[in-house]
Amino acid sequence: MYKFVTFFLFLINSVFAQDGSFDAGMQKNASCQGCHGIDGFRTAYPEVYSVPMIGGQSETYLINALKAYRSGDRTHPGMRAIATTLSDQDIFDLAAYYSSNKRN
């Protein structure tokens, strides 16, 4: 059942996806770059862990992850705080930027 739901959500996202802008994403990435743009960066809130690099990640994955943080389906407090400030267009722009940029 989980695979069916995941596939269905992927199809819905693909059909209704808006276009993101690489340039707009580059302008909006300041709050992302502070953690995700530093090789080997570790944070101490809410616990000590290594922050993943997101450059080159799938655009669909990034969109779905940011929307899940925004809705509370994913539960990292820092990411939720940032994601709740993002519009759908912000999310599409950031996903376009990071999926095309392997350095960050």
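Analyst: We can start with burial, where a residue counts as buried under 20% relative accessible area, as exposed over 50%, and as partly exposed in between. The model shown here is predicted, and aspartate 93, with a relative accessible area of 3%, is buried because that value falls under the 20% cut-off.

User: Which residue forms a salt bridge with aspartate 93?

Analyst: The general idea is that side chains of opposite charge can pair when their charged atoms come close. In this model aspartate 93 pairs with lysine 28, and the closest N and O atoms of that salt bridge are 2.5 Å apart.

User: With which other residues is lysine 28 linked in a network of salt bridges?

Analyst: The network consists of Lys28, Asp90 and Asp93. Lysine 28 forms a salt bridge with aspartate 90 in which the closest N and O atoms are 2.9 Å apart, and here too distant parts of the chain are linked, since lysine 28 lies in helix H2 and aspartate 90 in helix H6, 62 residues apart. As for burial, aspartate 90 is buried at a relative accessible area of 18%, whereas lysine 28, at 30%, is partly exposed.

User: How many salt bridges does a search of the whole structure find, and which residue forms one with aspartate 88?

Analyst: The search finds three salt bridges, and aspartate 88 forms one with arginine 70, the closest N and O atoms being 2.6 Å apart. Because aspartate 88 belongs to helix H6 and arginine 70 to helix H4, this pair ties together parts that are 18 residues apart in sequence. Aspartate 88 is partly exposed at 31% relative accessibility, and arginine 70 is likewise partly exposed, with a relative accessible area of 25%.

User: How should I read the aromatic pairs, and how many does the search find?

Analyst: For two rings one reads the distance between their centres together with the angle between their planes, where over 60 degrees counts as edge-to-face and under 30 as stacked. The search finds two aromatic pairs. In one of them the ring centres of phenylalanine 22 and tyrosine 97 are 5.0 Å apart with the planes at 50 degrees, so the pair is tilted; it links phenylalanine 22 in helix H2 to tyrosine 97 in helix H6, 75 residues apart. Phenylalanine 22 is partly exposed at a relative accessible area of 33%, while tyrosine 97 is buried at 4%. The rings of tyrosine 97 and tyrosine 98 have their centres 4.9 Å apart and their planes at 80 degrees, so this pair is edge-to-face.

Conventions: Residues numbered from 1 in each chain as written. Predicted model: local features only at pLDDT ≥ 70, side-chain atom pairs only at ≥ 80, totals over all residues. Heavy atoms only, no water. Phe/Tyr/Trp six-rings, centres within 6.5 Å; stacked < 30°, edge-to-face > 60°. Helix = DSSP H or I, 4+ residues; strand = E, 2+ residues; numbered from the N terminus. Buried < 20%, exposed > 50% of the residue type's maximum accessible area, 1.4 Å probe, protein only. Salt bridge = Lys/Arg side-chain N within 4 Å of Asp/Glu carboxyl O.
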